[in-house]
Amino acid sequence: MEVQLSATRMVLLVSLLTVPALTQQSGMIAPQLPGRNWTLTPSVRPEPPRESDLRAIRLQAIHEDAQHLSSLSISLQSDLQQLQKGMLTKDLADNLKKIEKLSKKLRQEVAQ
């Protein structure tokens with residue numbers, strides 16, 4: 001009985017020593033957390049956007065701001081008609097501020 005017990009202990013000892021050694025091999029795949037990209041090394045960086053891409057993004061932003069300004073202008077006209085009738089709409093002041101900020105922003109973007 002004593003021989004089996006020491007043989008069992010020997011197998012247990014060998015397995016406890018080999019399992020950590022096997023998991024540290026470079027061929028093993030480490031578990032990954034979702035949302036993390038462990039394959040990129042710190043020296044690999046994404047390519048910066050090209051100048052033509054930046055220009056297209058800038059023009060798209062200018063176009064969207066101009067459309068927003070146009071829609072605010074249309075809503076402002078109806079608000080001003082209500083004002084002529086003696087009715088003050090509650091977002092008139094907010095819309096005027098938005099128009100002022102958007103026009104200033106567009107002026108700066110176009111000047112660049």
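**View 1. Asp-79 and its contacts.** Asp-79 touches Thr-89, Leu-92 and Asn-95, leaving out residues up to four places away in sequence. Contact means heavy atoms within 4.5 Å. The model is predicted: local features need pLDDT of at least 70, side-chain atom pairs count only at pLDDT 80 or more, and totals for chains, interfaces and linings use all residues. Residues are numbered from 1 along each chain as its sequence is written, and side-chain values use heavy atoms, with hydrogens and water left out. Asp-79 sits in helix α2. Helices are DSSP runs of H or I with at least four residues, strands are runs of E with at least two, and both are numbered from the N terminus. Asp-79 is buried but has no salt bridge. Its nearest side chain of opposite charge is Lys-98, 10 Å away. Buried means under 20% relative accessible area, exposed means over 50%, and partly exposed lies in between (1.4 Å probe, protein chains only). For charge, Lys and Arg count as positive, Asp and Glu as negative; His and the chain ends are not counted.

**View 2. The salt bridge between Lys-105 and Asp-65.** The closest N and O atoms of this pair are 3.3 Å apart. Lys-105 belongs to helix α3 and Asp-65 to helix α2, so the pair links distant parts of the chain, 40 residues apart. A salt bridge is a side-chain nitrogen of Lys or Arg within 4 Å of a carboxyl oxygen of Asp or Glu. A search of the whole structure finds 1 salt bridge. Asp-65 is buried, at 12% relative accessible area. Lys-105 is partly exposed, at 39%. Side chains of opposite charge can pair when their charged atoms come close.

**View 3. Glu-109 in helix α3.** Glu-109 is found in helix α3. Glu-109 is buried yet has no salt bridge. The nearest side chain of opposite charge is Lys-105, 4.2 Å away. Not counting residues up to four places away in sequence, Glu-109 touches Arg-58, Ile-62 and Asp-65.

**View 4. The largest nonpolar core.** Five residues form this core: Leu-72, Leu-76, Leu-92, Ile-99 and Leu-102. Helices α2 and α3 (92–111) each supply at least two of its residues. Helix α3 gives the most, with 3 residues. A nonpolar core is a set of buried Ala, Val, Leu, Ile, Met, Phe, Trp, Tyr and Cys residues joined through side-chain atoms within 4.5 Å. Leu-92 is in contact with Leu-76, Asp-79, Leu-80 and Leu-83, leaving aside neighbours within four places in sequence.

**View 5. A nonpolar surface patch.** Leu-80, Leu-83 and Leu-88 make a patch of about 280 Å². Patches are made of residues with over 30% relative accessible area and no salt bridge; like charges are joined within 9 Å, nonpolar side chains (Val, Leu, Ile, Met, Phe, Trp, Tyr) within 5 Å. Areas come from the Shrake-Rupley method with a 1.4 Å probe; for residues, only the protein chains shown count as cover. Leu-80 lies in helix α2 (residues 51–84). Leu-80 is partly exposed, at 40% relative accessible area.

**View 6. Gln-82 in helix α2.** Gln-82 is found in helix α2. Gln-82 is partly exposed, with a relative accessible area of 28%. Gln-82 touches Met-87 and Thr-89, not counting residues up to four places away in sequence.
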